Amino acid sequence: MALLLCLLAGCASLAPSPASAQQRSPARAAPKAPEKEPAPPPEQPAPYDRDLMRLSEIIGSLAFLRGLCAAPDAGEWSGRMRALIDAEGITPGRRDRLAGAFNRGYRSYAVTYRICTPSAQEAASRFVAEGERLSQALAGRFGG
């Protein structure tokens, strides 16, 4: 490689005039950069997205609280969320938002509760009632 560089440096004094160098430059043009794929159109939110995100957050909260309190249905909440993502997560962005809402609900109670307390049980009961109302309203308004 060093020999090649020395030869090229020695040939520099023998370089053609600038006019003839310009004639050769198109042949040595740098390779074209690959064309970028066009950005996908922005995702239009469904009219029920806000309620669906809230339902995902509730399911995340219940996944933590019901597990903490060793409720018989503790293991079902993650599966319910997977089913919701399978049904409604039609794009990667939408799946990420649904999973993010679930995780937000889960973490918000994970930092608050370390043991099952009466207030944790009360919070879980309220979430079950709110989730039931939301799911019935969603099914009633948008089909189900």
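The largest pocket of this predicted model has a volume of about 240 Å³, where a pocket is, on a 1 Å grid over the protein atoms alone, an open set of points with protein on both sides within 12 Å along at least five of seven lines. Of the 13 residues that line this largest pocket, with lining meaning an atom within 4 Å of a point, those closest to its centre are Leu52, Glu88, Leu138, Ala139 and Gly143. Because this is a predicted model, local features need pLDDT of at least 70 and side-chain atom pairs count only at pLDDT 80 or more, whereas totals for chains, interfaces and linings use all residues. Residues are numbered from 1 along each chain as its sequence is written, and side-chain values use heavy atoms, with hydrogens and water left out.

**Confidence**

- The protein chain averages a pLDDT of 80, and 71% of its residues score at least 70; pLDDT is the predictor's confidence in each residue, from 0 to 100.
- Confidence is lowest in helix 1 (residues 2-11), at a mean of 32, and highest in helix 3 (residues 49-68), at 96, helices being DSSP runs of H or I with at least four residues, numbered from the N terminus.
- Over residues 1-21 pLDDT stays under 50, and for this stretch the model has one contact beyond four places in sequence, a contact meaning heavy atoms within 4.5 Å.
- Where pLDDT is low, the predicted coordinates should not be read in detail.

**Pockets**

- Helix 3, helix 4 and helix 6 (118-142) each supply at least two residues of the lining of the largest pocket, and that lining divides into nine nonpolar, three polar and one charged residue.
- In this classification Ala, Val, Leu, Ile, Met, Phe, Trp, Tyr, Cys and Pro count as nonpolar, Asp, Glu, Lys and Arg as charged, and the others, Gly among them, as polar.
- The second largest pocket has a volume of about 170 Å³, a volume being the space filled by probe spheres set on grid points that are joined across faces, edges and corners.
- Helix 6 gives the largest share of the lining of the second largest pocket, five residues, and the residues of this lining include Leu55, Trp77, Arg80, Phe127 and Glu132.
- By class, the lining of the second largest pocket has eight nonpolar, two polar and two charged residues.

- Ser56, placed in helix 3, is buried with a relative accessible area of 0%, where buried means under 20%, exposed over 50% and partly exposed in between, for a 1.4 Å probe and protein chains only.
- Not counting residues up to four places away in sequence, Ser56 touches Met81, Leu84, Leu98, Ala101 and Phe102.
- Ala63 is also found in helix 3 and is buried, with a relative accessible area of 11%.
- Leaving aside neighbours within four places in sequence, Ala63 is in contact with Trp77, Ser78, Phe102 and Tyr106; the C-alpha atoms of Ala63 and Ser78, 15 residues apart along the chain, are separated by 6.3 Å.

**The loop between helix 3 and helix 4**

- Asp73 lies in the loop between helix 3 and helix 4 (76-88) and is buried, with a relative accessible area of 15%.
- The side chains of Asp73 and Arg66 are joined by a polar contact of 2.9 Å, that is, a pair of N or O atoms within 3.5 Å of which, within protein, one must be able to donate a hydrogen and the other to accept it, residues adjacent in sequence counting only if both atoms are side-chain atoms.
- Ala70 lies in the loop between helix 3 and helix 4 and is exposed, with a relative accessible area of 63%.
- Although Ala70 is not a glycine, it has a positive phi of about 55 degrees.
- Most residues other than glycine have a negative phi.

Note on methods. On a 1 Å grid over the protein atoms alone, a cavity is a set of points where a 1.4 Å probe fits but cannot get out, and a pocket is an open set with protein on both sides within 12 Å along at least five of seven lines; lining residues have an atom within 4 Å of a point.
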